[in-house]
Amino acid sequence: EVGEYSGKMQYYGVEPGDIHKIPTSFVNYFHRATEVVRKPDFTVDVKTEGILTCGIAEACGCDAVDEFDLAAAGFPATSIVLADNNYIYVVAPKNLTFVGTDGHTLRRIHRTSGAISSISITDADSRFVGGQAAAIKNGFLYWPGQQQGGASNPALFAKINLSTFSISDVEFLEFSAAISGGNHWRPEGAFVDAAGDWLYVCNSAAPAINSQPIVRVALTVTFASATIAQIDTTAISWDLARFTGAVTDGSFGYFGPNFYTKVCILDLSDFSVTGVSSYDITGDANIDYSWGCDPWIDSAWLYVVGGDSSDNRPRLGRMNLATRLPGSSLAFNSVYNVDAADAHNGTVWQGKTDGTHHYVLVSGFDAGAGLIICEIAQDISAGVSFNFGACSINYNSYTDIAIAGEDVWLAPWTTDLALKIPKSAIDCP
């Protein structure tokens, strides 16, 4: 049995049959020339002779959470978080349902120093109303704006130079969707293709409001005069609309279902209705409605969250990118405890993958519902979770997630605090 040590690393000569207890400060360990099996009681069984090496990792759980005060009074609903090599960016869209939301401020957090800076896009053009979509490519952040009303109130797409992070270098492109009256064009997903030639944006507004579910912006010309092309995907099917979240595998774009159940699949080499196909998430026998969170992707699968009306609980489903057939799905209640009586008590908001694990944000919409991070095996066979309810601060209002190196970042809702937690702290003792 091993006691507490102050050193950064401890080495132990071991023989087959030995059992060593790992102190709680040594939350991670690795081995050299030995085979060990770690058990839930923090012991390891030694299978072969060699050296067992225990190393102090990041602090566990609540002790590992870093807070970044964005000082944003009335911080907007459903903020977005993105990452590049140096910064975390928190985008504050205008949510038309909630009073007092922002809709124009872009904040960034330096990943090493933690320094926070911000710019207000309305300082460059007061008409800008930020949408719930953003994408980073080649040193620029693209933030599509919302159109609130008819052609007299066009949407502004903003292009922000991240190397200068200055209002003087923000460029705008006007877009007027075919809408009328008090209706809105609401972007809720965006990506830039691999070559950096095109920005794709999806719209969450109902088909009856307008017929521009997906638009494409040329990025190889002066931004202010770029061509904007549109596809009416409802020409394929009436329910191929109202999308949330957009991802790409390089050849196809995938736009997640919000109110309906069909993923829109777009051949990026054919921006027309002939290049559009779909995948119905109810092809999984355990999913019969959309949960309304963004899809994410790896090299083989598209991941979507759906609901099972038999118990009103979310499931993680997936579509094989090659065959476009469903694979096995995972019930989230096998990873964390969700109250079936209240679908908002443990609502799955967003997920991302680093290629080894999926990290999924489960955030209570209702006060006191709490905040959970799920770490799920890449093949979605099983997972573990960390419940922030154990922390002294009531973290409960977070709506987006980003992975940057060995850390997971969370974007806030109705709070000033962005959060960072190391991956190693999510499933540590």
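Colleague: Which residues line the second largest cavity?

Modeller: Tyr279, Ile281, Asp284, Ile287, Val304, Gly317, Arg318 and Pro326 line the second largest cavity, where a cavity is a set of points on a 1 Å grid over the protein atoms alone at which a 1.4 Å probe fits but cannot get out, and lining residues have an atom within 4 Å of a point. This is a predicted model, in which local features need pLDDT of at least 70 and side-chain atom pairs count only at pLDDT 80 or more, while totals for chains, interfaces and linings use all residues. Residues are numbered from 1 along each chain as its sequence is written, and side-chain values use heavy atoms, with hydrogens and water left out.

Colleague: How much space lies in the second largest cavity?

Modeller: About 30 Å³ lies there, a volume being the space filled by probe spheres set on grid points that are joined across faces, edges and corners.

Colleague: New topic: where is Thr244, and is Thr244 buried or exposed?

Modeller: Thr244 belongs to strand E22, residues 243-248, a strand being a DSSP run (E) of at least two residues, numbered from the N terminus. With 3% relative accessibility Thr244 is buried, because buried means under 20% relative accessible area with a 1.4 Å probe and protein chains only.

Colleague: What does Thr244 touch?

Modeller: Leaving out residues up to four places away in sequence, Thr244 touches Glu188, Gly256, Pro257, Asn258, Gly292, Cys293, Asp294 and Pro295, contact meaning heavy atoms within 4.5 Å.

Colleague: And the mean pLDDT of the protein, what is that?

Modeller: The mean is 80, and 73% of the residues reach 70 or more, on the predictor's confidence scale from 0 to 100 for each residue.

Conventions: Helices (H or I, at least four residues) and strands (E, at least two) are DSSP runs, numbered from the N terminus. Buried means under 20% relative accessible area, exposed over 50%, partly exposed in between (1.4 Å probe, protein chains only). On a 1 Å grid over the protein atoms alone, a cavity is a set of points where a 1.4 Å probe fits but cannot get out, and a pocket is an open set with protein on both sides within 12 Å along at least five of seven lines; lining residues have an atom within 4 Å of a point.
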